[in-house]
Structures are given as structure tokens and as C-alpha cells.
Amino acid sequence: MIMMGSQFWLPIFFCGIHPASDTSKLNTQQNCCAFNFCIYLLKKHIMQNIIIERTFNAPIEKVWQAISNASAIEQWFMPSNFKAEKGAHFQFKVPPSDNWNGIISCVVTNLNAPTQLSYSWTGDHMGYMTQVHWKLSELDGKTKLELNHEGFQSPKDANAPNWFESHTEGWTNF
């Protein structure tokens, strides 16, 4: 399952439209300006998340190794010098392109083997930091994996790259 989450309710709520309320009032003339202002706030300041859930027919320890061991990560994702230690600095590296040096810099921020792993994620091409969270749980002899890559900002203008969209495509294909 893939869900793309965001904090839509916050600006709408401040405009007097709560997400649980009757949305028919969005069509009234008196709320038109407030609604348009809310849409502007959403486009300008929204933080977007990529949430992916997968269930593997494998024990939790095997799935944990796939996300926490550098040589295993390289087999399904990209080369890295990952270390499963809180505070460890590491990088994912791919060949550079015209507009990117091919390096994603990360720091392990949370580690609770074999169920939780989090790290910061930034590249010189992005200009801001995001967070990747992995959560594993046992489910009837299988392992449920939840990935949450959060903190993507909306592009500042129409010509700016949309990192949320490109990362969604990348994570969807893992």
C-alpha cells in the first residue's frame, strides 16, 4: 500500500474549515477567498510524506538485515557505508549526474533492532533535510515493513524539481 500523507488539515482548520466538517460550505461565496488563501498556504508550506507498507514472507531478522546491513542494502537499493549505530554518519552513493553529485548524506537518529530504524536524508541537490523511518513488526510468521520518508517541501516555483515526486517513484520501485 502506498499513501502520500501531508498536513492538509492544519491550514484548512485555521481558515475555519475543519476536515471533519461538512465540506459543502467550501462552495459558498463567503468562503471562497478563505479557501483560495488556504490552497495558497498548502502549496507554499506543505510538508509531504511517502508512506509505503509491504509484508514479506520472511522472519523479522532477515528483513532487518536487508535494511540495516550495508552489503544487503547495496543489493536492493544503492551502495552505502551504512553502520547500524545511533549517531553514525553514512552516505548512499550513485554515479553523479549533471545536476547532482550522486551523494545522499545521512545520520542514524534512532535504532531499536530489529523493529525500528530512522535516519536523516539530504543531498546537495535538495537543499533541505528529510527523515526516513523504518518500522518492522511480526505478523503471523511474516514481517510487516513500514517505510515513512517525511519532510518533503513543495517546490518553491514551477521550474524547481519536485523531490517528493521523484522520491515517491524511487521508493515505489524498491
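**A pocket, a core and the chain around them**

Helix α5, residues 163-172, gives the largest share of the lining of the largest pocket: five residues. The model is a predicted one. That pocket holds about 270 Å³ of space. In total, 13 residues line the pocket, and Met78, Ile104, Trp121, Ser166 and His167 are the closest to its centre. By type, the lining has seven nonpolar residues, six polar and no charged.

Now step back to the whole chain. It has five helices and seven strands. Along the sequence they run β-α-α-β-α-α-β-β-β-β-β-α. The chain counts 174 residues, and 34% of them are buried. Among contacts with a separation of 6 or more, 48% join residues 24 or more positions apart.

Next, the interior. In soluble globular proteins, nonpolar side chains tend to be buried together. Here the largest nonpolar core has 31 residues. Phe92, Leu117, Tyr119, Trp121, Trp134 and Trp171 have the most contacts inside it. At least two core residues come from each of β2 (47-56), α3 (60-68), β3 (89-93), β4 (103-112), β5 (116-123), β6 (130-139), β7 (142-153) and α5. Helix α3 gives the most, with four residues.

Beyond its neighbours within four places in sequence, Tyr119 is in contact with Phe82, Phe90 and Phe92, among others. Its other contacts include Cys106, Val107, Val108 and Thr109. Thr130, Gln131, Val132 and Trp134 are in contact with Tyr119 as well.

One residue links the two themes. Trp121 is among the residues closest to the pocket centre, and Trp121 is also among those with the most contacts inside the core.

Notes. Residues numbered from 1 in each chain as written. Predicted model: local features only at pLDDT ≥ 70, side-chain atom pairs only at ≥ 80, totals over all residues. Heavy atoms only, no water. 1 Å grid on protein atoms, 1.4 Å probe; cavity = no way out; pocket = protein on both sides within 12 Å on 5 of 7 lines; lining within 4 Å. Points joined across faces, edges and corners; volume = space filled by probe spheres on them. Nonpolar A, V, L, I, M, F, W, Y, C, P; charged D, E, K, R; others polar. Buried < 20%, exposed > 50% of the residue type's maximum accessible area, 1.4 Å probe, protein only. Contact = heavy atoms within 4.5 Å. Core = buried A, V, L, I, M, F, W, Y, C linked by side-chain atoms within 4.5 Å.
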